[in-house]
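Please read the following notes with the structure open beside you, and check each point against it as you go.

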Amino acid sequence: MIDSASLLAVLPELIMSAVGLILLMVAAYAGDRATQAVNLLAIVALAVAGAALSCAMAHGPVAFDGLVRADAFAVFAKALIYSSAAAAIALSPRFFAQGGALRAEYPILILFAAIGMGMMVSAGDMLTLYVGLEMNSLASYVLASFMRQDERSSEAGLKYFVLGSLASGILLYGIALLYGFTGTTLFDGIAAGLADGVSKGELFGLVFVLAGLAFKISAVPFHMWTPDVYEGAPTPVTTFFASAPKVAAMGLMVRVAVEALGPAGLDWQQIVIFIALASIVFGAVAAIGQTNIKRLMAYSSINNVGFALIGLAAGTPAGVAATMSYMAIYVVMTIGGFACVLQMRDADGKPVETIASLAGMSQSRKGLAAAFAIVMFSMAGIPPLFGFWAKFLVFDAAVAAGLTALAAVGIAASVIGAFYYLKVIKTIYFDEPTGAYEARGGMIENGILTVCSVVIVLGYLLNPLLDRASAAAAAALF
């Protein structure tokens, strides 16, 4: 049933849909000369949608007869998604202008992807989940191949489309199995069906659903698309892929595991533990030999997803809160890291992606070198930076839930991961200088990088606020 309360629950999506359609018409008639205005209006739309999140919660957590959730968990995840999407739009003009690919469609695609991601984290039904996920995916396939004249970008888009379609089929098959054996697609109904005991058919459905979602968060062994797509896609698009969709997919996985599959906790917990450990170890080891900074960030994202999943593996409110706090801190570090990567340009202003080219940056671009070091130290989990707190939270939740061995392996693997982060810092500060980068970066890039660096350094001051928000988000699922 559609009523005013239900419409208010999806007010952010309605705002972005209306603005997206208007901007689509503007782009069609005004062409690429309207790109700057479309960029600005898309960011404003995301900000207004973020402000509307409080209205979405005002009339209760359930809307459209259970198809949509407008609870604290959805609000927390959407706030991260909209912020990341806005940053990806703001970081794009200078990059695309240099490559001659400044197009008005870019912010519109991100806007529609954000609508899909909002549906994902608000889903209370498998069909809502699937529609939101596909809306995000369709926009993402186009974004990955956005620079049509670049062979790497076209290849990235094709790989992402083929493998994403496979994962979508796996997920849909799992949904069909759960529907066939429980008789419903509503999360609450599936949970009620599993409460009587997990049959073999339901177990297979559970496995297929988690496998499809694991692809979306690029968890091992469904990570194969990540390095190639991250390297081939335009860097602002890679920034987007590494932040907003990652939060949406992780939020969706947490909601499905806790709300829909909660009674089968012992079954899905084993799967989550395996993919967490595999992602942590593989992400750490595979990144060591990388020479391309974007591929290194891809393996870093796989590694970070593994750490975030440790909180979910605990299966407790504290574990879910730790996972969401981890994702919030991860978004700040990722956007800061890619803001640094976007400033890796030679004297002619052309993008450079090799790690070796960072040598000597501490002499020619001292501020950028310091920011890069802050981000890398934080990702390595070095105290007192914010990244350390993220890892501490998930390890603490795992130990409290009796998963001490999992936490111990995670701590050991984080030492391996620290090696390649420190290798980047060593290249910046101690290797013989190579060709110098351009004299200065873009104003927006510098501004976003400064904000991220300050948050990473002084993040402990935000701990009380972050802890309360993530705890409220987790409590909404239990």
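1. Ser218 is found in the loop between α11 and α12, and in this predicted model Ser218 has a positive phi of about 55° although it is not a glycine. Most residues other than glycine have a negative phi. Is Ser218 buried or exposed? Ser218 counts as buried because its relative accessibility is 0%, and the cut-off for that label is under 20%.

2. Most peptide bonds are trans.

3. A cis peptide bond likewise runs from Pro383 to Pro384, with omega near 5°, and Pro384 has its place in the loop between α19 (366–380) and α20 (386–400).

4. Turning to a pair of helices, the axes of α7 (residues 105–122) and α8 (residues 126–144) come within 7 Å and cross at roughly 160°. Because angles over 145 degrees count as roughly antiparallel, α7 is roughly antiparallel to α8, and the crossing of these two helices is left-handed.

5. Which residues meet where α7 and α8 come into contact? On the α7 side they include Tyr106, Leu109, Phe112 and Gly116, while the residues from α8 include Thr128, Leu129, Asn136 and Leu143. Sorted by class, the contact of α7 with α8 has 16 nonpolar and 4 polar residues, and no charged ones.

Conventions:
Residues numbered from 1 in each chain as written. Predicted model: local features only at pLDDT ≥ 70, side-chain atom pairs only at ≥ 80, totals over all residues. Heavy atoms only, no water. Axes fitted to C-alpha atoms, helices over the stretch in contact; angles between N-to-C directions. Helix = DSSP H or I, 4+ residues; strand = E, 2+ residues; numbered from the N terminus. Parallel < 35°, antiparallel > 145°, perpendicular 65-115°, else oblique. Left-handed = near helix turned anticlockwise from the far one by under 90°. Contact = heavy atoms within 4.5 Å. Nonpolar A, V, L, I, M, F, W, Y, C, P; charged D, E, K, R; others polar. Buried < 20%, exposed > 50% of the residue type's maximum accessible area, 1.4 Å probe, protein only.
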